[in-house]
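Dear colleague,

Please find below the structure that I am handing over to you, with its sequence.

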Amino acid sequence: MKRFTIWQRMMATLLLLLLLLVGAMGLALWVAQIRLTAAQHSEQLSTAGQRIYADVLRMNEALRGLLLEPPSEGAQSGRSDAASAESDLLANLSDLQRGFPDQPALTGALRSFREFAERTLLPFDHRVMELAGTDPVAARTEYGKNRAALQDQHEALLANLERELDLVKNSELSHAQGLFAAGLAGLLLIVITALFLARSQSSSWARLLYHASARVERMRRGDFTEDVDSEPTADFGALTDGFNRLAADLSQLVGQVQLSVAEVDATSHDLSKTTDHQQSAAQDVESAASQAETAAGKIAAGSNDLIHTIKEASRTVDQSWQLAGDGQAALTGIEATMSQLVEATGSLEAKLGALSEKAAHLDGAITAIVKVADQTNLLSLNAAIEAEKAGEYGLGFAVVATEIRRLSDQTAVATNDLEKMIKGMHGLILDGVTTIGKFSEGTRESLQSLSHAGTQLAQSIEQMRKISGQFQSVLESVNAQAADVQRLNRTMEQLNEAARQSAETLRQSTVGLGKLNGAARDLQTSVLRLARSK
Amino acid sequence: MLFLLFQLGQDRYALEARRVVEVLPLLALRPLPQAPESVAGIFYYRGQQVPAVDLCQLTLGRPAESRLSTRIIIVNYLDARGVGHWVGLVAERVTEVLRKKPTDFVGPGVSIKAAPYLGPVLLDHEGAVQWIYEQRLLPDPVSDILFSQSALWAQS
């Protein structure tokens, strides 16, 4: 038995259907062409008859016009009208004769009308026209004499021609009708054939698919024994071979799957153990990372506290520094004031010295006064004594002496008072000088100690400034340390997150392993069922 | 009768003015070697060497204070042979004279042999003033020493 592949069958059917389609299309075109041609012919025939009739009328009218009108006016146009009508008539007759050579009846009628026209009608017309040019009256007479006979003759011939034309038209149309019916019958035949072909092909495909699905259903149930060759649709060799090979492969595959299931089972068991180990390890890592994170957090908090404390201390040192600076400024002011005080004291001392000197001068003056008074006193005493010695003669002199003595006494008393006063003043001045001197000395010492204190304060300020700078560097290093600790903290967090994720992954993989184990067992059951049915 | 007043310490004394040659300021005295303590030294007056007797030293046992009012009173002293000698008496506060009658002075009531020069006492509003007899001022040894010498000079 000859075997065809599915492809070959499909291609053959497709080609056959294509051929039928092309044939139907050609047939339809042919029928349409025939109908068109018949219609054209019929139209042409009726047109030609009417044109011949019209040409004869035009010739007659031209002739009559020539006869009725004066020779000078329109004679030339009438002649040319008649000539063109003549030539049109002859051309139309020739066309009809050429177009329908296979119609003997029509050809005969045409020939008899042509003969009438060439031999009778045209010579008469020519004759009348020539006469009209020379002798219009003779022409009219000639026209009137022969006109009626000629009219009857050419009308009879035209009626005959028309009858023949109608006959030809009818025969053409009936012929076209027959051809159209034949074409339609052919088309119907082609359609029926195509339907039959499609039907047979689809039924054979349906049968094949039904058998294939039945075979697959058996295979699904584990039956690989039945051969497709025994089926009625065994001509699909390739498909059958495929099914057979598939069955053999599946049978082999079942064996392999059984082995693989056992391996999967063992591997899954091992993997489960490993996963358990990894999970515990991941939990250890997670707890360690968590502890490290806590420690890092504490360190960060500690370093933040430290930063806070250092900032406070730095601020305190800065404030102390500023206070010390203010103090130094104040000390400088006090120092300047003290210097001024020392200067003022010095000048006061000098002035007091000058005053003391002046007082000493005053002392000298007083001494001089005292000496004068003393001399006066002495003089009065001696005068009084001499007056006493002189006795009666010295009485007046004694009075003078007494007066002088009184004066000297008063002077002495006043001088004494003055001396006392000046001495007191002098003592006060000396006391003042001493006091001022002591004060000046004290001020100088104070100034020195103040200057010393200022120097020490300046040193303290310098040290404070250095300490402030050191605080700044300490703060910077502690800040850097805090940043490191924060980075460490972040790293620890990431590590912790990674550990959590890996634990989660492990948990998921444990679940996956459980599912795999279950799937392996299901597979094993199915395969065992397949093996039993084999 | 006019009296010249002076003081020796706090006590006031008076000399008869007629007996006074002149009152001089306290001159520079030249010390006299081997002389008694009461002899303050010698000085020159009107071309003569005159001894000066410190009355303070003589009566109170201390030298007179060196003041302007401490002066030398020159008196005429008659020695044992009746020869007159100028003697300078150094006394304190020689600045006043006093005119009183001799009867205004009353006797002291006591007589001290060691101080025969003390005379009667006058009482006024300032206190007591005792009359000094200048002729009895100098004790004999002193008088001898002073005026034997001057007698020798006078003889030569």
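This is a predicted model: local features need pLDDT of at least 70, side-chain atom pairs count only at pLDDT 80 or more; totals for chains, interfaces and linings use all residues.

Residues are numbered from 1 along each chain as its sequence is written, chains are lettered from A and ligands numbered from 1 in the order in which they are written, and side-chain values use heavy atoms, with hydrogens and water left out.

Strand pairing in chain B

Strand E7 (residues 84–99) of chain B pairs with E1(B) in the antiparallel sense over five bridges; two strands count as paired if DSSP finds at least two bridges between them. Helices (H or I, at least four residues) and strands (E, at least two) are DSSP runs, numbered from the N terminus. Strand E5 (residues 48–54) of chain B runs parallel to E7(B) and is joined to it by three bridges, with Val53(B) opposite Leu89(B). Strand E6 (residues 71–78) of chain B is antiparallel to E7(B), with eight bridges; here Asn76(B) has Trp86(B) as its bridge partner. E6(B) and E7(B) form a hairpin with five residues between them, and Gly82(B) in the turn has a positive phi of about 85°.

Helix packing in chain A

Helix H1 (residues 6–68) of chain A packs against helix H4 (residues 136–220) of chain A at an angle of about 170°, their axes being 10 Å apart. H1(A) is therefore roughly antiparallel to H4(A), a term used for angles over 145 degrees. Axes are lines fitted to C-alpha atoms, for helices over the stretch in contact, and angles run from 0 to 180 degrees between N-to-C directions.

Salt bridges and the interface

The structure holds 26 salt bridges over all chains (a side-chain nitrogen of Lys or Arg within 4 Å of a carboxyl oxygen of Asp or Glu). One of them joins Glu142(A) and Arg127(A) at 3.3 Å, N to O. This pair links helix H4 of chain A to helix H3 (residues 104–134) of chain A, the two residues being 15 residues apart.

Between the chains, 14 residues of chain A are in contact (heavy atoms within 4.5 Å) with 18 residues of chain B. Two salt bridges are found across this interface. Arg71(B) forms a salt bridge with Asp374(A), with the closest N and O atoms 2.2 Å apart.

Yours sincerely

Terms used:
Angles under 35 degrees count as roughly parallel, over 145 as roughly antiparallel, 65 to 115 as roughly perpendicular and the rest as oblique.
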